[in-house]
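Subject: Structure handover

Hello,

Here is the structure I promised to pass on. Please open it and keep it beside you as you read.

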Amino acid sequence: MTDDVATRLPWPRFLTRPGVSELAGAPRWTISGRTASDPGSTAKVPLDIVDLLRHYDSRTGSLSDRAALHGAGSHDQRCLVDLVELTTRIPGAANAAFYLDADLDRLVVVDIEPSCPPQVRRSLAQLPGILYAEISMSGRGLHLLMDRPRALDTYPAAIGRSVLRHEQGWFEILVEHWVTFTARPVDLPAPCRDRSLDQVVTDLADSLGSRSQGSAATIATTGTGLPDIPGAGSLVDSAVIAVADRMKHPRDFHNDISRWEFSVLRLLWTRLDRACSFTEEVSGARVSPEDLTRLLYCAAVRVLPHRAKHDQLRNGRPYLLERAAAMVASHTTTQP
């Protein structure tokens with residue numbers, strides 16, 4: 001435990017940083033460290049801080065039971081705390097890991113890798129609107145905390161992704177993902193007004209779209225019933241049950257129903273995509289993007305309260321079917 005919390009960092013100042021102060025009160029903070037089950041590994045994971053704190057002595061910085069070092073199994077107060085409690089109880093923490101949800105937090109993180117070419121790194125560091133910048137865990141990369149760009153809701157290839165990753169891995173935009181903050185701020189060059197984060201998202205979405213050419217065409221289904229695949233009804237049933245206690249409330253999105261519905265669709269897609277992969281492995285029956293789109297639509301109409309907008313047609317098909325198709329397309333790639 002000592003190697004995870006030995007370095008004293010200026011946490012009180014970190015809490016007041018622009019952007020960070022908006023995240024501090026959310027109960028989605030922990031520290032990143034090595035678990036008791038794999039102490040020899042160099043990899044660190046977000047820990048279940050609630051259980052850890054039951055066995056942690058703030059006065060001595062010692063842990064009474066290393067078994068308390070295990071990964072966070074949820075992204076809420078069952079395993080996580082707010083930043084004030086974290087840094088008060090463990091003032092010597094060497095990092096602070098946060099589960100970022102851009103839909104809730106209205107912020108994203110641009111994670112620049114050490115391999116990023118200097119000219120690209122500089123262009124990103126000069127984006128206008130950077131709220132907070134720090135050196136990443138590697139000591140050679142950067143984290144840029146910024147307002148959520150509107151382009152995330154505009155481009156089909158970006159919709160529903162938890163991470164938008166550069167084709168060569170030079171940087172990525174974290175949308176719904178763990179971020180391990182170091183509280184080691186860095187000065188940035190003067191911003192360049194000729195470029196914006198929305199433009200960066202647009203470029204990434206265009207790249208993702210070109211890499212998944214043909215996806216939209218393969219998801220042109222207009223069918224609204226269950227697809228003809230083994231266990232289709234059970235797949236939908238299990239997805240509906242699985243998301244029941246994980247769905248956020250519209251008030252979490254300031255009662256923006258479209259954003260709330262999108263978050264529910266993303267939960268359903270995650271569950272169905274995993275279940276379909278398992279079905280393919282067990283039965284050998286291929287689940288096509290069209291099948292997955294119809295499964296997602298069938299699950300969505302069961303979970304989402306009906307509203308007039310659902311009766312509208314988009315590209316000749318029901319609104320929710322179009323949304324389901326866009327989400328599946330954004331995660332479907334065709335190999336060359």
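First, a definition. On a 1 Å grid over the protein atoms alone, a cavity is a set of points where a 1.4 Å probe fits but cannot get out, while a pocket is an open set with protein on both sides within 12 Å along at least five of seven lines. Lining residues have an atom within 4 Å of a point. Rolling a probe the size of a water molecule over the atoms shows where empty space is left.

Two notes on the source. This is a predicted model, in which local features need pLDDT of at least 70 and side-chain atom pairs count only at pLDDT 80 or more, while totals for chains, interfaces and linings use all residues. Residues are numbered from 1 along each chain as its sequence is written, and side-chain values use heavy atoms, with hydrogens and water left out.

**The largest pocket**

The largest pocket is lined by 28 residues. Nearest its centre lie H75, Y99, E176, R246 and K248. Two elements, β6 (96–101) and α11 (257–283), each give two or more residues to this lining. Helices here are DSSP runs of H or I with at least four residues, strands are runs of E with at least two, and both are numbered from the N terminus. Which element gives the largest share of the lining? It is α11, with 6 residues.

The volume of the largest pocket is about 900 Å³. Grid points are joined across faces, edges and corners, and a volume is the space filled by probe spheres set on the points.

By class, the lining has 12 charged, 9 polar and 7 nonpolar residues. Ala, Val, Leu, Ile, Met, Phe, Trp, Tyr, Cys and Pro count as nonpolar; Asp, Glu, Lys and Arg count as charged; the others, Gly among them, count as polar.

**Aromatic pairs**

Rings of Phe, Tyr and Trp (its six-membered ring) pair if their centres lie within 6.5 Å. Planes under 30 degrees apart count as stacked, over 60 as edge-to-face and the rest as tilted. By this rule there are 7 aromatic pairs.

One of them joins F14 and Y132. This pair is edge-to-face, at 5.6 Å centre to centre and 70° between the planes. F14 sits in helix α2 (residues 11–15) and Y132 in strand β8 (residues 130–135), so the pair links distant parts of the chain, 118 residues apart. Buried means under 20% relative accessible area, exposed over 50%, and partly exposed in between (1.4 Å probe, protein chains only). F14 is buried, at 2% relative accessibility. Y132 is buried as well, with a relative accessible area of 4%.

W29 and F98 make a tilted pair, because their ring centres are 4.6 Å apart and their planes are at 40°. This pair too links distant parts of the chain: W29 is in strand β1 (residues 29–30), F98 is in strand β6, and they are 69 residues apart. W29 and F98 are both buried.

One aromatic cluster takes in W11, F14, W29, F98, Y132 and F181.

Take helix α13 (residues 319–330). Its 12 residues should span 16 Å at 1.5 Å a residue, and its end C-alpha atoms are 17 Å apart, which agrees. The expected span is 1.5 Å times one less than the number of residues. Is α13 mostly covered or mostly open? It is mostly covered, with 10 of its 12 residues buried. Among them are Y319, L320, L321 and E322.

Now helix α7 (residues 118–125). Its buried residues are V120, L124 and A125. The face turned away from the buried side carries the exposed residues P118 and Q119.

**Loop residues to look up**

- R106 lies in the loop between α6 (102–105) and β7 (107–112). Its phi is near 60°, a positive value in a residue other than glycine. R106 is partly exposed, at 31% relative accessible area.
- A183 is in the loop between β12 and α8. Phi of A183 is also positive, near 60°. A183 is buried, with a relative accessible area of 5%.
- R195 is in the loop between β12 (176–181) and α8 (197–211). R195 is partly exposed, with a relative accessible area of 31%.
- C116 lies in the loop between β7 and α7. C116 counts as buried, at 6% relative accessibility. C116 and R140 are 9.9 Å apart, C-alpha to C-alpha, and 24 residues apart in sequence.

Best wishes
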